[in-house]
Amino acid sequence: MRNVTIIVLSLLFLPAFFGCQKDESKTMLNDNIAPNELQALSASEYTLALENKDQTFESFEWTKPDFGFQAAITYTLQADVADSGFNNPLELVQTDNLTVASVTQGTFNQKMLDAGYEPDVAYDMDFRVSSVVNPNVDPVYSTVQTATVTPYATTFPPIYMIGDAVGGWDTNLAVAMHSTAPNVYTTINE
């Protein structure tokens, strides 16, 4: 009798084990999410300068995109050469749920130089904000603002001295003078 009870109970619970299947998790978002607005920049031309490296380049502000639900959003401020389609954007700053961010001249200048931009050359740059709610969901991009930006040099080639004061007129004895700022050269003659 006991074996019959175990068999009957097993047959009753058997469908419970095989009747459940895993639900696929899908991220459902409205395909027509309107882009958020990046506010106009305070200037149309910027000439960055070494002596102003700690000063604010620009304070950026934007609106929140409407994903159709309350969401924690990670914003990334991006810049790229105008009309390049943001194929290789510079990521300037990232915030979580904040719709404002500032970038210093030194930070933006270094990002431009690291990406291969030449100092003392004016570039038309596009700026936008990427809004992400989940890595598995396509980002929403803000409207674009454009400005001309000229980066500054951070390294300077040495110049060389020759003459009676530094060891003679032989060019093989030339003393290198290194620079840490534009038009400022120093050396220590031993």
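Along the sequence, the pattern of the chain is α-β-β-β-β-β-α-β-β-β-β-β-β, made up of 2 helices and 11 strands. Helices (H or I, at least four residues) and strands (E, at least two) are DSSP runs, numbered from the N terminus. This is a predicted model, in which local features need pLDDT of at least 70, side-chain atom pairs count only at pLDDT 80 or more, and totals for chains, interfaces and linings use all residues. Residues are numbered from 1 along each chain as its sequence is written, and side-chain values use heavy atoms, with hydrogens and water left out.

Of the 190 residues in the chain, 32% are buried, where buried means under 20% relative accessible area (1.4 Å probe, protein chains only).

Helix α2 spans residues 105–114, and its buried residues are Q105, G106, F108, N109, M112 and L113. These residues lie on the same side of α2 because they cover an arc of only 165° around the axis, the arc being that of the directions from the helix axis to the C-beta atoms. Just after α2, G116 has a positive phi of about 100°.

Strand β6 (residues 123–132) is mostly covered, with 8 of its 10 residues buried. Two strands pair if DSSP finds at least two bridges between them. β6 pairs with strand β3 (residues 74–81) in the antiparallel sense over 8 bridges, and Y75 has S131 in β6 as its bridge partner. S131 also stands opposite V140 in β7; strand β7 (residues 140–141) and β6 pair in the antiparallel sense over 2 bridges. Strand β8 (residues 145–150) pairs with β6 in the antiparallel sense over 5 bridges, with Q145 in β8 as the bridge partner of F127.

How values were computed: Buried < 20%, exposed > 50% of the residue type's maximum accessible area, 1.4 Å probe, protein only.
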